[in-house]
Amino acid sequence: MTPDTLRPNHLPLDTPPVQYLNLDPSLYVRDDIWQQERGNIFAHTWQFMGPVASVATSGQYLAIDIAGTPIFAIRGRDGTLRGFKNVCRHRGAKLLADGEGKCGLIVCPYHKWSFADTGRLVQAPWYGKDPAIIAEDWPLETVQLSEWRGLLFAALDPKESLLEQLGSLPAELADEPLETYAATDQATVSFAANWKIYTDNFVEGYHIPGTHPSFYAAIDFEAFQTTAHPGYVRMTAPPKDGLFYRGKWLWMWPNWTLSLFDGGMNVSRINPTSPHHTDQHYHFFFADTSAEATESRAKSVQGTLAVVREDYSICADTHRNYAAGAYSSGPLSGRHERGVQYFQERVAAALGL
């Protein structure tokens, strides 16, 4: 089946449309499924970290969590950007706090083991010599990094290149001046729901009239369109005067988003920390970073966060119903939920369902 249609290719044109159902609700709350997702999806896909500019100079690092696995990228004194698991080789302590920072040696706060920006073990103080530690045997574990249009991605054990994962997205955004936008703001928002429940919500506009009344009033909802493409889902709607969004919202497999403003964009990563909890990490980028544009930028930032916070309560209620066994799979709209179908099919394929 192609992503852009609900009709399998082998069916004749006069065949009635197929009715697709929502995923089994147990797949959203089971711990064994969460562990499979960590191994089959999050360990093998490229994860958005942040702007490449945040690690532009020697010693700058960016540390994030990928579905429970901490990692960081650091710019070496030789100018090379490297990625590592954010885990000390001694007893597994976390080396660097999440977020951006700068350091010389990477020093473990637990037993003061120190590592160079190449990952090499420099010193294991007070360790002793019976037997002595062999530094070459204990470098930091590496992760792979890749850059695309000013955005930095990391992968624990990728099964394909970043460009292969992006699919048709580069063509979709070929005319957008992404590199001219500078990162100005960050925000992390958390909610008590499975990451797939929130993603199901993000990749459809069907919920907008009921969940986002102000947003609904600011777009031509009757012209809202959702289409699925290799690697991403595109949602569009003509905006009315005063809306900070430009009317295009994108979601990319498996868990990041990009929404366009006039003169900017936001990029987020939907990061599960358990079957029942998700963090969404936002970066905001703008062409105009002047003091005069502060109010305009703030409107876009706060407007974005206001809209997504309206989603969280409905997602949390939905999650509770799934966990209680109160819901059995319902039908997906052929008009509005093609993005949901595409996302769920990719999850099911990744899990071998």
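Q: What volume does the largest pocket have?
A: The largest pocket has a volume of about 350 Å³. The model is a predicted one.

Q: What makes a residue part of the lining of this pocket, and which ones lie nearest its centre?
A: A lining residue must have an atom within 4 Å of a pocket point. For the largest pocket, 17 residues qualify. Nearest the centre lie Asp-200, Glu-204, Thr-318, Tyr-322 and Glu-337.

Q: Which elements supply at least two residues of that lining?
A: They are α4 and α7. The largest share comes from α7, with 4 residues.

Q: How does the lining of the largest pocket divide by class?
A: It has 8 nonpolar, 6 polar and 3 charged residues. Tyr counts as nonpolar, whereas Asp and Glu count as charged.

Q: How much space lies in the second largest pocket, and which residues are closest to its centre?
A: The second largest pocket holds about 240 Å³. It is lined by 19 residues, and Ala-63, Ile-64, Gln-186, Thr-188 and His-281 are the closest to its centre. Two or more lining residues come from each of β1 (47-51), β2 (60-66), β5 (99-102), β11 (182-191), β16 (264-274) and β17 (277-286). By class, this lining has 7 nonpolar, 7 polar and 5 charged residues.

Q: What makes a space a cavity rather than a pocket?
A: A 1.4 Å probe fits in a cavity but cannot get out, whereas a pocket is open. The structure holds 1 cavity of 30 Å³ or more. The volume of the largest cavity is about 230 Å³. It is lined by 21 residues, and closest to its centre are Phe-202, Phe-215, Trp-249, Val-307 and Asp-311.

Q: Which elements each supply at least two residues of the cavity lining?
A: They are α4 (195-202), β14 (245-252), β15 (256-261) and α7 (294-323). Of these, α7 gives the most, with 4 residues. The lining as a whole divides into 11 nonpolar, 8 polar and 2 charged residues.

Q: Why is the pair Glu-172 and Arg-234 called a salt bridge?
A: The cut-off is 4 Å between a side-chain nitrogen of Lys or Arg and a carboxyl oxygen of Asp or Glu. The closest N and O atoms of Glu-172 and Arg-234 are 2.7 Å apart, so the pair qualifies. Glu-172 is in helix α3 (residues 169-172) and Arg-234 in strand β13 (residues 232-236), so the bridge ties together parts 62 residues apart in sequence.

Q: Is Glu-172 buried or exposed, and how do you know?
A: Buried means under 20% relative accessible area. Glu-172 has 14%, so it counts as buried. Arg-234, at 24%, is partly exposed.

Q: How do you know that Glu-222 and Arg-335 form a salt bridge?
A: Their closest N and O atoms are 3.7 Å apart. That is within 4 Å, so the pair counts. The bridge links distant parts of the chain, 113 residues apart: Glu-222 is in the loop between α6 (213-217) and β12 (225-229), and Arg-335 is in the loop between α7 and α8 (338-350). Exposed means over 50%. Glu-222 has 59%, so it is exposed. Arg-335 has 48% and counts as partly exposed.

Q: Where do Arg-320 and Asp-317 lie?
A: Both are in helix α7, 3 residues apart, about one turn of the helix. Arg-320 is partly exposed, at 48%. Asp-317 is also partly exposed, at 36%.

Q: Which residues do salt bridges with shared partners join into one network?
A: The network joins Glu-172, Arg-234 and Lys-248. A search of the whole structure finds 13 salt bridges.

Q: Which residues does the annotation "domain: Rieske" cover?
A: The unreviewed UniProt entry places it at residues 46-154. The end C-alpha atoms of that span lie 5 Å apart, and the span is 0% helix and 42% strand.

Note on methods. Residues numbered from 1 in each chain as written. Predicted model: local features only at pLDDT ≥ 70, side-chain atom pairs only at ≥ 80, totals over all residues. Heavy atoms only, no water. 1 Å grid on protein atoms, 1.4 Å probe; cavity = no way out; pocket = protein on both sides within 12 Å on 5 of 7 lines; lining within 4 Å. Points joined across faces, edges and corners; volume = space filled by probe spheres on them. Buried < 20%, exposed > 50% of the residue type's maximum accessible area, 1.4 Å probe, protein only. UniProt positions renumbered as here; feature names shortened; annotations may be inferred.
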